Amino acid sequence: MRATVAGLHAELVNYGLVVWTAGNVSGRVPGEDLFVIKPSGVSYDELTPENMVVCDLDGNLVEGAHAPSSDTAAHACVYREMPEVGGVVHTHSTYASAWAARGEPIPCVLTAMADEFGGEIPVGPFALIGDDSIGQGIVQTLKGHRSPAVLMQNHGVFSIGKDPKAAVKAAVMCEDVARTVHVSRQLGTPLPIGPAHIDRLYDRYQNVYGQRSPR
Ligand SMILES: [Zn+2]
């Protein structure tokens, strides 16, 4: 899991989702009440399996020479409250964060959005770093919601998945649709997709398409 999480940070860079050190990936250790997360303030090209940090589900450091990411409490809260989640990603990617700054959900106006998100990408509450409030806001918004991504108001994106790679994919797709829907808005009014069509697209993509098993 250390190697997986260290390696996936390169994807945040490859897809242009992060600047400086502002973004992080974590992964639950299978069968343990532990997760692996990025160390705080270490640049992406210096991340190795060895300098990843292991924390318990209260966000306490269990193993590692560095302090854990400053977003560790939020990740820990998600793993505690959502046992089906195996990976969490946080970014301030540009277009998605622009929607978050306006506190506006991204409407489901693309078939690719219906596939991956099953509807709009919701907005979570404004919350300050330092306690459980970001994590609780993520959990309250995503529990029972199809979307694996939430736009935390005035902040950025948190995404979840069955494993860290799925959470990275959701972060990449979130930024992609945020950009396309933004551009569409500049051209006029995007057309909504009807709920029944969204359901059909979501069901097909999640259960039939490709080799993946249902989430
Ligand atoms: Zn942040």
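Aspartate 115 is buried yet has no salt bridge; arginine 204, the nearest side chain of opposite charge, is 5.0 Å away. The model is predicted.

**Surroundings of aspartate 115**
- Aspartate 115 belongs to helix α4, which spans residues 111-117.
- Leaving aside residues up to four places away in sequence, aspartate 115 touches Leu201, Tyr202, Tyr205 and Gln206.

**Zinc site**
- Three histidines coordinate the zinc ion through their NE2 atoms: His90, His92 and His155, at 2.0 to 2.1 Å.
- The spacing of these donor residues in sequence is H-x1-H-x62-H.
- Histidine 90 in strand β5 and histidine 155 in the loop between β7 and β8 are 65 residues apart, and the pair links distant parts of the chain.
- Histidine 90 has a relative accessible area of 1% and is buried, whereas histidine 155, at 22%, is partly exposed.

**Sheet**
- The 8 strands form an open sheet with mixed pairing, in the order β4-β3-β2-β1-β5-β8-β7-β6.
- Strands β4 (61-63) and β6 (123-124) are at the edges; each has a single partner strand, so one side of each lacks a neighbour in the sheet.
- Strands β1 (residues 23-28) and β5 (residues 87-91) run antiparallel and are joined by 5 bridges.
- Within this pairing, asparagine 24 has histidine 90 of β5 as its bridge partner; histidine 90 is also one of the zinc donors.

**Helices on the sheet**
- Helix α3 (residues 94-102) packs on the sheet and touches β7 (149-152) and β8 (156-161), with its direction at about 55° to that of β7.
- Helix α6 (residues 164-187) lies across β1, β5, β7 and β8, and runs at about 140° to β8.

**Positive phi outside glycine**
- Tryptophan 20 is not a glycine, yet its phi is positive, near 50°.
- Tryptophan 20 sits in the loop between α1 (2-14) and β1, and its relative accessibility of 77% makes it exposed.
- Asparagine 154, also not a glycine, has a positive phi of about 60°.
- The loop between β7 and β8 holds asparagine 154, and the zinc donor histidine 155 lies in that loop as well.
- Asparagine 154 is partly exposed, with 45% relative accessible area.

Terms used. Residues numbered from 1 in each chain as written. Predicted model: local features only at pLDDT ≥ 70, side-chain atom pairs only at ≥ 80, totals over all residues. Heavy atoms only, no water. Pairing = 2+ DSSP bridges. Helix = DSSP H or I, 4+ residues; strand = E, 2+ residues; numbered from the N terminus. Contact = heavy atoms within 4.5 Å. Axes fitted to C-alpha atoms, helices over the stretch in contact; angles between N-to-C directions. Donors = N, O, S within 2.8 Å, 3.2 Å for Na, K, Ca; no water. Buried < 20%, exposed > 50% of the residue type's maximum accessible area, 1.4 Å probe, protein only. Lys, Arg positive; Asp, Glu negative; His and termini not counted. Salt bridge = Lys/Arg side-chain N within 4 Å of Asp/Glu carboxyl O.
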